[in-house]
Amino acid sequence: MTPWNIVGMAKVKGLDVIALTDHNCARNLPQAMLAGRAYGVQVLAGIEITAKEDVHLLAYFADTEAAVAFGEEVYTRLPDITNRADLFGNQIIIGDDDEPVGLAQKLLLNAIDLSADEIDAWVCAAGGVCVPAHINRGANGMIGALGLMPPLPRFPVVEVCQQLNCSPDAVKGRLILHASDAHQLADIAEQGFSLDVPAPTAKHVFDYLKQR
Amino acid sequence: MNIQELAVLLNATIAQEGEDMTMPVSCGYVCDLLSWVLAHGQKGMAWTTVQTHVNVVAIAVLMEMACVILSEGNQLDMASLAKAREEKLAVLVTAKTSYEVCGLMMRAGIAPPQA
């Protein structure tokens, strides 16, 4: 998967707005934004952060620069453990012309040294929106790792994995997002999830999430 | 063995006193996945974990556990500690690993949870 073929696939699938949220790294966002403009697909800048409880959290930002800067701080907070490509795959950074320009050296699978609550506050302070990812999916979902969702008003927006059962109590009163959580091109979903926004732009989606 | 004696056995500091530190420990357990503990926790249990989220306290209270043992020197954050104080849940902190905690508890005759 590269930023360009991800956005290209999104175009083929007829998606209006997509979010790119690499694990603990935002260095592929600039190319995804360029690809978005080239293909006419709106791209919401994001990152998927692993909290010290092993919970996965999505952070969305209104602008790419803020997301990239935030991503660098997340990367700094990762433990100094080098990726082993033979075990975990290459962590490629893509530059112009969809060509690799480097590798993220640290293992991006790791958790940073902050709790889910601390990350939520940090993302908010940086102007972003923090959304627990696939809350109903095993050890890396908030329900699995923490046993139950922190009560509202914490985490008013949650991402739920549609393929798995989810306790109604866990999502009561919260805005539910569904995502393809695509880790391969073929996993990118077709149209099927919509939000009531004035226009199908990344900015409108961000504002919609932010105002919750 | 009661909670007070367990703290001595584990060379643990008492981050928060329980309602009754002479309450007997019924069984020992180790797990860091809180949903799993919710499904398998038992009354009177001494639960070892490295997790420090406030839900650790909530689950231990809900299951009427004897105490929580934080291994490898992990400390509750302020919110979790305040909750433990409010609920009068015994929280022990030891420098030992969860592995050592379990070994010591087993050797001292603390049983695994009942199936």
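The model is predicted.

View 1. B:C27 is buried, its relative accessible area being 3%. Over all chains the count of disulfides comes to 0, the cut-off being a pair of cysteine sulfur atoms within 2.5 Å. A:C124 is likewise in no disulfide; the nearest cysteine sulfur belongs to A:C130 and is 8.9 Å away. A:C124 is partly exposed, with a relative accessible area of 49%.

**View 2. Strand β3 of chain B and its two faces.** Of the 5 residues of β3(B) (residues 45–49), 5 are buried, so the strand is largely enclosed by the rest of the structure. In a regular strand, side chains alternate between the two faces of the sheet. On one side of β3(B) are B:M45, B:W47 and B:T49, and on the other B:A46 and B:T48; both faces are covered.

**View 3. Pairing of β3(B) with β2(B).** Strand β2 of chain B (residues 27–30) pairs with β3(B) in the parallel sense, over 4 bridges. B:V30 has B:T48 in β3(B) as its bridge partner. Between β2(B) and β3(B) the chain passes through helix α2 (residues 34–40) of chain B, in a right-handed β-α-β crossover.

**View 4. Pairing of β3(B) with β4(B).** Strand β4 of chain B (residues 67–70) and β3(B) are parallel and share 4 bridges. B:C67 in β4(B) stands opposite B:A46. Together with helix α3 (residues 54–62) of chain B, β3(B) and β4(B) make a right-handed β-α-β unit.

Key: Residues are numbered from 1 along each chain as its sequence is written. Chains are lettered from A and ligands numbered from 1 in the order in which they are written. This is a predicted model: local features need pLDDT of at least 70, side-chain atom pairs count only at pLDDT 80 or more; totals for chains, interfaces and linings use all residues. Side-chain values use heavy atoms; hydrogens and water are left out. Buried means under 20% relative accessible area, exposed over 50%, partly exposed in between (1.4 Å probe, protein chains only). Two strands pair if DSSP finds at least two bridges between them. A crossover is right-handed if, with the strands pointing away from the viewer, the path from the first strand over the helix to the second runs clockwise.
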